[in-house]
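Come along and check each entry against the picture.

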Amino acid sequence: MERKKMIEVKNLVKKYGDFTAVKGISFEVFEGEIFGLLGPNGAGKSTTLEIIETLREKTSGEITVDGFNLDENPAAIKKIIGVQLQTAGYYPNLNLVELIELFGGLYNQPVNPKELLEAFNLEDKAKAKFKALSGGQKQRFSIATTLINKPKIIFLDEPTTGLDPQARRNLWDLIKEVRAQGTTVVITTHYMDEAEILCDRCAIVDSGNIIAMDSPDALIDKLVAGGFERPKPVKQANLEDVFIHLTGKELRDS
Ligand SMILES: Nc1ncnc2c1ncn2[C@@H]1O[C@H](COP(=O)(O)OP(=O)(O)OP(=O)(O)O)[C@@H](O)[C@H]1O
């Protein structure tokens, strides 16, 4: 069966003055997929996401989101996507319930703050202000807010940066849960273990070009088939396994 394309990017170019940050990239994201944009600092990942999110002007190229052309109907795209706000975007004097109600009002969507907070292990923080949350709680809350307008696609830009191993694993489960509810997820991350666990497919971006795109498994198999060998034999466990074994899987900040 033909999979539905939720995002289609064709020959996307973004110039900042004389500097070309995105050099004619093309990719597709299918419905229900977790799609990763991976690449070194400055590769052009955030620029690409922000253009698709209608937050940044492109220089050229064509983008379609759920059938809506970005140039012709950006308003329709805004309605069906969920974008993680930078933390500075939260009103400092409102508590989490009030913030969710505020967003619900802005989106003109009925929303049940208690249910949403429960789904993200934040029910105990309902009356807390955003600035009083731990790093993991802030990330969970910001992902929760992307769902308020019941989007078809959410965009997560480095959602687990700075989190401890327990909080990262918890967020992976939450992201998988969001996808299981039918939402398409586009994510950027610098953690390759995270991409390997979460992403159905990923594009590797380098200096504004896509240099590889496939499932993590296929990308690894291709490297191995080319004769790649790790310099050090792989052990049965790594230091993160030791950490989780010793400190447990429970979230520390809930
Ligand atoms: N507003 C801007 N004006 C000029 N140059 C910019 C602007 N925004 C981004 N750039 C440049 O464009 C390039 C791509 O930046 P972008 O933030 O998209 O990269 P990224 O892949 O998301 O990087 P990171 O992993 O560090 O977040 C970088 O060289 C950056 O310095």
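Entry 1: I began with a term: two strands pair if DSSP finds at least two bridges between them. With that in hand I looked up strand β9 (residues 201–206) and strand β10 (residues 209–214), which are joined by 5 bridges and run antiparallel. Which residue of β10 stands opposite Val205? I found Ile210 there. I also looked at the turn: β9 and β10 form a hairpin with 2 residues between them. Ser207 sits in that turn and has a positive phi of about 45°.

Entry 2: The chain has a mean pLDDT of 92, and 98% of its residues reach 70 or more. I wrote myself a reminder that where pLDDT is low, the predicted coordinates should not be read in detail. For the complex, the predictor gives an ipTM of 0.97 and a pTM of 0.92.

**Entry 3: the chain as a whole.** I looked up the helices and strands and got 9 helices and 10 strands. The radius of gyration is 19 Å, while the globule rule gives 18 Å for 254 residues; these are close, so the chain is as compact as a globular protein of that length. Along the principal axes, the C-alpha atoms fill a box of roughly 55 × 55 × 45 Å.

**Entry 4: an open sheet.** Next I traced a sheet of 4 strands. In what order do the strands of this open sheet come? I read β2-β1-β4-β5, with antiparallel pairing. The edge strands are β2 (19–30) and β5 (68–69), each of which pairs on one side only. Inside the order, β1 (residues 5–16) and β4 (residues 60–65) pair in the antiparallel sense over 5 bridges. I picked out Glu8, which stands opposite Thr64 in β4. Then I looked for a helix against these strands: α1 lies across β1, β2 and β4, and runs at about 120° to β1.

**Entry 5: around the ligand.** Which helix gives the largest share of the shell around the ligand? I found that helix α1 (residues 45–52) does, with 3 residues. Among the residues surrounding the ligand I marked Tyr16, Ala21, Asn41, Lys45, Ser46 and Thr47. Glycines are there too, including Gly39, Gly42 and Gly44. Sorted by class, the shell has 3 nonpolar, 6 polar and 1 charged residues.

Key
Residues are numbered from 1 along each chain as its sequence is written. This is a predicted model: local features need pLDDT of at least 70, side-chain atom pairs count only at pLDDT 80 or more; totals for chains, interfaces and linings use all residues. pLDDT is the predictor's confidence in each residue, from 0 to 100. A residue is near a molecule or strand if its C-beta atom, placed from the backbone, lies within 6 Å of it. Ala, Val, Leu, Ile, Met, Phe, Trp, Tyr, Cys and Pro count as nonpolar, Asp, Glu, Lys and Arg as charged, and the others, Gly among them, as polar. Two residues are in contact if their C-beta atoms, placed from the backbone, lie within 7 Å. Axes are lines fitted to C-alpha atoms, for helices over the stretch in contact, and angles run from 0 to 180 degrees between N-to-C directions. The radius of gyration is taken over C-alpha atoms; the globule rule is 2.2 Å times the number of residues to the power 0.38.
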